[in-house]
Amino acid sequence: MALAVQPYTNEMDDHDPLHRPVCRLLQAHQAEMASVHMRDLFVAEPERFERFSLQVGDILLDYSKNRITDESMHLLMQLAEEAEVPGWRERMFSGDKINHTENRAVLHVALRNRSNDPVVVDGEDVMPKVNAVIERMGAFAERVRSGQWRGYTGERITDVVNIGIGGSDLGPQMVVQALRPYRHPRLKLHFISNVDGAHVKETLESLNPETTLFIVSSKTFTTQETMTNAHYARDWFMAQSQAVKHVAKHFVAVSTNRDAVTQFGIDPDNMFEFWDWVGGRYSLWSAIGLSIVLAVGAERFSELLEGAHEMDNHFRHAPLAQNMPVILAMLGVWYNNFFGAESQAILPYDHYLRSLPAYLEQADMESNGKSVDREGHVVDYATGAIVWGATGINGQHAFYQMLHQGTKMIPADFIVSIEPPTELEGHHDILMANFLAQTEALMRGRTREETQLESGAVQVGQFIQHKVFDGNHPSNAILLQKLTPHALGMLVALYEHKIFVQGVIWNLNSYDQWGVELGKQLANRILPELHADVPVGSHDASTNALINHYRRMSHPRAGL
């Protein structure tokens, strides 16, 4: 449902961010644009690409295939100004505690602050600590990569297993996958997150305890899923090594809980620290990225940070109308709040970016999937979109049917690299042709008349309408020169800042995630009930029945 803009009065509270006068103008403008076809806009505006595209470093954004005019962008930027995006942006970069429900600063930007300018939190410049951890990560990774760090039998480490969940898994895994051409030739990286035992068993069954290094990534070292898998991995390792002292050679930690790390058997000298101002889904730039450093080395990790820092500088200093994260964010607001679009597709035409949609699902939906604003008021407008996607070529043979001929508006970001990652240039040309064709087809569509004249022959029959494409479906094209660590850093930071801007527009705290807590609490309550001696009756009828069914079917001999 599109935003229903209410008449503005002076008595309206600040917690009604989309009831500003500019929103009434946007609503009226949307009514005018609803019947305008992008095909006609391109005919009327031959210079449309030049007006609606932007190059920042390694990234070209073409946003000309959107249902916008100069007036659209002017009004959207006016909304960004009135929502005080510049002020909130500066508060974030300055270390203010904008995550107010947890009383924390939000400083993933400090983790990649390659200028090394001071960033002050509670009166302390955090940069010396940030730099020290990055240096320790690089030194440790070099020992492993060079073969200086050996397992308990003296063998080189050949496999690294990262055990984490959420931001401690999705970000590092996505980056390691994306940067495969840069990875160490003799180190294999594995990621365990799911508490389904099949995940940890399947991963470990092909590994050798003598040559495997585990990274246990948990800030508190109490995360249920992570620690369950970590203890299983330690038991698996101990079954062969037969000595607790050997754990220190094969397990390291990314955590802040020194006592729990030590109790686990990990040498506290091999604990890598991060801070409460590092949100989980924004943590790949921190010690959580240790698996990345092991995979690609300290130099390439620095390039990743430098790319993100370049986008940070652009976001912080560029005028809103020429600001790539702001443009993407406001286009999202345009469709979400004024056209009633409910989802956003992420479509990388790059095999190495196949995990990017899953990574952005968490980054976006955990940040802005909220129905309460910063002041605790229930909102009456749409907030975060449903983010989903897959690699483009595979998607063309799966869900693109809905993009082209479905009844829902689904804005899409198409992402591709100009330079191929392999020597198979013919493959890449086909990939690129499909990338370009899909954005054109979504924009142009195909009329009934064009369908009838297809291939120079008049087609008749009752099925003609099935082959008609309305077009007018919005998309952004994001082109990287090459998928390098630097370009990847820019790309990820671009989406991080887009998410932040949209949170400001919707008056949300994008950096807490209380919505994940209730399920965890109930799971802890239900866990012992799965083995109770008597039937469970303390929940609703459905949950009680399911628990008791599980007990009967999983323990049939107990007579439950």
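Author: Helix α4 (residues 70-82) and helix α15 (residues 324-338) pack at an angle of about 100 degrees, and their axes are 10 Å apart. Helices here are DSSP runs of H or I with at least four residues, strands are runs of E with at least two, and both are numbered from the N terminus. The axes are lines fitted to C-alpha atoms, for helices over the stretch in contact, and angles run from 0 to 180 degrees between N-to-C directions. α4 is therefore roughly perpendicular to α15. That word covers 65 to 115 degrees; under 35 counts as roughly parallel, over 145 as roughly antiparallel, and the rest as oblique.

The model is predicted: local features need pLDDT of at least 70, side-chain atom pairs count only at pLDDT 80 or more, and totals for chains, interfaces and linings use all residues. Residues are numbered from 1 along each chain as its sequence is written, and side-chain values use heavy atoms, with hydrogens and water left out.

Now the meeting surface. From α4 come S72, M73, L76, M77, L79 and A80. From α15 come V326, I327, M330, L331, V333 and W334. Contact means heavy atoms within 4.5 Å.

A residue from another helix joins in. H29 lies in helix α1 (residues 21-33). H29 touches T69, E71, S72, L75 and W334, leaving aside residues up to four places away in sequence. Is H29 buried or exposed? H29 is buried, at 3% relative accessibility. Buried means under 20% relative accessible area, exposed means over 50%, and partly exposed lies in between (1.4 Å probe, protein chains only).

M330 leads on to the core. The largest nonpolar core has 127 residues, and M330 is one of the five that touch the most other members, along with W277, L488, L491 and I505. Such a core is a set of buried Ala, Val, Leu, Ile, Met, Phe, Trp, Tyr and Cys residues joined through side-chain atoms within 4.5 Å. In soluble globular proteins, nonpolar side chains tend to be buried together. Helix α21 (residues 485-505) gives this core its largest share, 13 residues. With residues up to four places away in sequence left out, L491 touches I59, L353, L356, I415, I478 and L480. Another core lies apart from the largest one; its 22 residues include M227, V261, I266 and M271.

L170, G171 and M174 in α8 meet L356, A358, Y359 and Q362 in α16. The axes of α8 (residues 170-178) and α16 (residues 356-368) come within 9 Å and cross at roughly 155 degrees. These two helices are therefore roughly antiparallel. Their crossing is left-handed, meaning that the near helix is turned anticlockwise from the far one by less than a right angle; clockwise would be right-handed.

Next, the sheets. One is open, with 6 strands in the order β1-β2-β13-β12-β10-β11 and mixed pairing. Two strands pair if DSSP finds at least two bridges between them. Its edge strands are β1 (53-56) and β11 (386-389), and each pairs on one side only. Neighbouring strands are turned by 15 degrees against each other on average, direction ignored. β1 and β2 (residues 59-62) pair in the antiparallel sense over 4 bridges. L54 has L61 in β2 as its bridge partner. Helix α19 (residues 425-444) packs on this sheet and touches β12 (412-417) and β13; its direction makes about 160 degrees with that of β12.

N472 is not a glycine, yet its phi is positive, about 65 degrees. Most residues other than glycine have a negative phi. N472 is buried, with a relative accessible area of 9%.

A second open sheet has 5 strands in the order β6-β5-β7-β8-β9, with parallel pairing. Here β6 (188-192) and β9 (271-272) are the edge strands. β5 and β6 pair over 5 bridges, and V160 has L189 in β6 as its bridge partner. Of the 5 residues in β6, 4 are buried.
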